[in-house]
Amino acid sequence: MDFLPIFLNIRERACLVVGGGSVAERKVSLLLDAGARVTIVSPELCPGLRELHEQGTIDYRKGQYSEDDLSGKALIIAATDDRSVNESISAWANQHNVPVNVVDNPDLCSFIMPSIIDRSPVQIAVSTGGSSPVLARTLRSKLESMIPSAYGRLGELMEEFRDRAKQVFSSVDERRYFWERILSGPIVEMVMAGQDERARVYLKQEFEAAQNQQLHDTGEVYLVGAGPGDPDLLTFRALRLMQQADVVVYDRLVSKQILDLVRRDAERIYVGKERSKHAVPQEDINHLLARLGKEGKKVCRLKGGDPFIFGRGGEEIDTLMQQGVPFQVVPAVTAASGAASYAGIPLTHRDYSQSVVFATGHLKDGSMNLNWEGLAQPNQTIVFYMGLQGLEVICRELIAHGMPADTPVALVQKATTPEQKVVTGTLETMPDAVKNSNIKPPTLIIVGNVVQLHERLNWFEH
Ligand code: SAH
């Protein structure tokens, strides 16, 4: 280890920056974030620093630095482009044991500045020991995207309860055990979902339960949208919840690749429905989820696409709500967005379509109970879910309600997956075109003039 990573408290301490350019400005802003009193010495100031000085946020002494400027400082940063100036500042600081950083000159530094992921009070610092700041920044952006900003609020919440923990648990081990249990429970997800007040109430209850010696685990149901198929389209939250579930309850539309991302040890329950062959009735699924949650399990209810678009997610959480089982809903890319993007068919377009409607094309007793007049509007895109069997009825009804028979139609099979296939035609030709192709569900039907763009904008299948 070439450097000792430490976090320095410089709140209200006097710090000096020598140099007044944009590099100095970036350092000044970090020092200010950490609460330091900053003085700058430089013959000139860049506009940003000038503004800070005019606001009274920093002190400024115009001119070349002198030893008077250096003395009495808790920390010094040299950000000039004159090597000999930097060298003498570094020499003075080392002689007087003041931490010194010389920008872009690791050999003159007694400390180096890391790349920072700031989730105050949580801080993560990344350093490559000065060997490659670009590598440090690349790592930083990876970490930024992996660590949700809500970790900061989680840190604050735990800080709020620190004294309470000391009162309730006399030993360090007991405290550690308690916090470990809390952090592997639902509270993390509550904070991630922005439900801080719920998390606070939960934490209070946990403290009370701990005081009464009745620790217990509460279950929770995560109603998670898994998107249209491509695992890359999962949300961070979906992935996180999939990886901490005890049980996953999933549908036919959830692909194997996505299922492989669920925590390895989680129990897997298939409740998939095939057309007119209901594997598990919806009512039973609702009760299954409630029962698992009450058993204290973390249940990931994984559904294709978005749970609230033709997903019956509303019915599932209704039961959970009635039975007092905590839950949360994670939205996802719905099949219409996935199919449209990957088929190069924008659902709206200035020239062709000013509105878009999602409709179910599910056939019931050979017909479809839809507001055909409302659907058959000019300059509107209609997306039919579950419409493969009913395609003929859809095309016939739209024509009967005034849509031109040559309105373009696309049928997208297994959108966003390697098996994606797009068949295009018109309201008139589409039923035959599909009959003669070897199309497999799931498929989505897009009707409207935007479909013309497919030929030009198709980027995915080549
Ligand atoms: N909640 C889902 C929809 C469930 S209804 C969502 O938001 O996407 C099931 C219908 O969704 C299927 O019949 C089909 O029309 C459509 N669908 C789901 N995934 C699809 C995919 N990858 N490609 C094409 N259509 C899909």
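View 1. On a 1 Å grid over the protein atoms alone, a pocket is an open set of points where a 1.4 Å probe fits, with protein on both sides within 12 Å along at least five of seven lines; lining residues have an atom within 4 Å of a point. Grid points are joined across faces, edges and corners, and a volume is the space filled by probe spheres set on the points. In this predicted model, the largest pocket has a volume of about 1,900 Å³. It is lined by 49 residues, and the closest to its centre are Leu30, Ile112, Met113, Pro114 and Ile116.

**View 2. Elements of the pocket lining.** Helices (H or I, at least four residues) and strands (E, at least two) are DSSP runs, numbered from the N terminus. Helix 1 (22–33) is among the elements that give two or more residues to the lining of the largest pocket, and its seven residues are the largest share.

View 3. Two strands pair if DSSP finds at least two bridges between them. Five strands, in the order 3-2-1-4-5, form an open sheet with parallel pairing. Strand 3 (59–62) and strand 5 are the edge strands, each pairing on one side only.

**View 4. Strands 1 and 2.** Five bridges join strand 1 (residues 14–18) and strand 2 (residues 37–42) in the parallel sense. Cysteine 15 stands opposite valine 38 in strand 2.

**Notes.** Residues are numbered from 1 along each chain as its sequence is written. Local features need pLDDT of at least 70, side-chain atom pairs count only at pLDDT 80 or more, and totals for chains, interfaces and linings use all residues, while side-chain values use heavy atoms, with hydrogens and water left out.
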